[in-house]
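Please open the model in a viewer and keep the selection tool at hand. The stops below are arranged so that each selection leads to the next.

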Amino acid sequence: MLKFWKKSEKPEVPPADPPAKASKGELEGSLLNSPLPPSAPSPARGGREKQINLPSAGEAKKKTWRERLAGSVLNRDIRDLFARHPRLDESLLDDLETILIGADVGVTASTELIEDLRARMAKREFADAGELLGALRERLVALLAPVAQPLRIDTAHKPFVILMVGVNGVGKTTTIGKLARRLQDQGLGVVLAAGDTFRAAAVEQLKTWGERNGVAVIAQGSGADSASVIFDALQSTRSKGADVLIADTAGRLHTQGGLMDELSKVRRVLGKLDAQAPHEVLLAIDGTTGQNAINQTRQFRQAIGVTGLVVTKLDGTAKGGVVFALAREFGLPIRFVGLGETAEDLREFDAQAFVDGLLPSSLGATQ
Ligand SMILES: Nc1nc2c(ncn2[C@@H]2O[C@H](COP(=O)(O)OP(=O)(O)OP(=O)(O)O)[C@@H](O)[C@H]2O)c(=O)[nH]1
Ligand SMILES: [Mg+2]
């Protein structure tokens, strides 16, 4: 974050197109960037001087939920549907149902949502298609609100142990990097365990992340036993007196029994040092995966007991709907969503901001 001190009352950089009402997630995201880094020069304090935050190269890319989610299939298809000047009739409901299912919301959740709208349309609750979209938005927020439960680091556990699991390439290691940075910014001492011992490159990836952000990474050579790396890391984190240990694990197919058993071993071994560890098992789900996300969640839940989800890669052209399917099917807390590749793109999950981003009310105002 570059900071300049100017006498001007007006920021030189206009705020990026905010939504009508800033959501909790957006406010929280912007506050993350507010503390003055220790290395920043101490500014001269004078009468009307005003602090202006200019984004650094990385932060310039930080976008609102709406900007990040605008490319989703759900957003695109509903925008197209409403742009065709829909009439408030059965065929609108049919088209909406097809779009929801096609965007991975899931057949059950989609049917329930449409049945509710159908009953209300029959009671003439909606004056136009825009009002129907408003009702759909409300139902979607209501579906997600119970699972929008932020990760709370209970400092009674020292360290608080987070185990990151998921299938190959979903964004586990990247999410660990982003999360470490976030927790550090909150003043917590973080240590990372390179528990993905399958590939040397995985250890390097985590080490690079640690070096860049000044976070200690506990690793052994590739081929080491994952459970023993994580066990050593817990001992070492304890002796350092750090607050949080985040352990990476190798990506595995939820159908690979042997590898899934390895996760139970990690839990068992950690339990020897702290009966309650890991305190959080975060399952990373790739937001572009579709309905397979349901199978993955079911299997990882059985194998290791998932306590929270991170849905990654929802930026770009993800369908967006899998978040609703997961919420309806499991009711597991969704801790974070990944809306891009930089540290700032890991956002605490916010049901209202997510629905606003996917389906802005303006989509219904096109008739
Ligand atoms: N666009 C986007 N890319 C992401 C996001 N999260 C992760 N990625 C990218 O996804 C790719 C895979 O990320 P990794 O963190 O290596 O995934 P992993 O689950 O650790 O992979 P394995 O260790 O091989 O199982 C990388 O190119 C990341 O930059 C996200 O939220 N948005
Ligand atoms: Mg990895």
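**Conventions**

This is a predicted model, in which local features need pLDDT of at least 70 and side-chain atom pairs count only at pLDDT 80 or more, while totals for chains, interfaces and linings use all residues. Residues are numbered from 1 along each chain as its sequence is written, and chains are lettered from A and ligands numbered from 1 in the order in which they are written.

**The whole protein**

Colour next by burial: of the 367 residues, 43% count as buried. A residue is buried if 20 or more other C-beta atoms lie within 10 Å of its own, exposed if 12 or fewer, and partly exposed in between, with C-beta atoms placed from the backbone. Among contacts between residues at least 6 apart in sequence, 79% join residues at least 24 apart; two residues are in contact if their C-beta atoms, placed from the backbone, lie within 7 Å.

Select ligand 1 and its shell, where a residue is near if its C-beta atom, placed from the backbone, lies within 6 Å. There are 19 residues around ligand 1, and G171, T173, T174, G251 and G338 come nearest. By class, the shell holds two nonpolar, 11 polar and six charged residues. Here Ala, Val, Leu, Ile, Met, Phe, Trp, Tyr, Cys and Pro count as nonpolar, Asp, Glu, Lys and Arg as charged, and the others, Gly among them, as polar.

Because 11 of the 14 residues of α7 are buried, the helix is largely enclosed by the rest of the structure. Among these buried residues are K172, T173, I176, A180 and R181. Just after α7, G187 takes a positive phi of about 90°.

**The nonpolar core**

Of its 94 residues, L144, L192, I230 and I246 touch the most other members. Helix α6 (residues 129-144) gives the most to this core, with seven residues. Centre the view on L192: beyond four places in sequence, its contacts include I176 and A180, together with L206, V217 and I246.

**Helix α10**

Move to helix α10 (residues 257-273) and look down its axis. Its buried residues are E262, L263, V266 and L270.

**T237 in helix α9**

Within helix α9, select T237. T237 counts as buried, with 26 C-beta neighbours inside 10 Å. Leaving aside neighbours within four places in sequence, T237 is in contact with P159, V191, A242 and L245.

Most residues other than glycine have a negative phi, and most peptide bonds are trans. The last selections are as follows.

- K158 and P159 are joined by a cis peptide bond, with omega about 0°; P159 is in the loop between α6 and β3.
- A277 and P278 are also joined by a cis peptide bond, with omega about -5°; P278 is in the loop between α10 and β7 (280-286).
- D104, in the loop between α4 (90-102) and α5 (107-122), has a positive phi near 75°. D104 is buried, with 27 other C-beta atoms within 10 Å.
- R124, in the loop between α5 and α6, has a positive phi of about 55°. R124 counts as exposed, with 8 C-beta neighbours inside 10 Å.

Terms used
Helix = DSSP H or I, 4+ residues; strand = E, 2+ residues; numbered from the N terminus. Core = buried A, V, L, I, M, F, W, Y, C linked by C-beta atoms within 7 Å.
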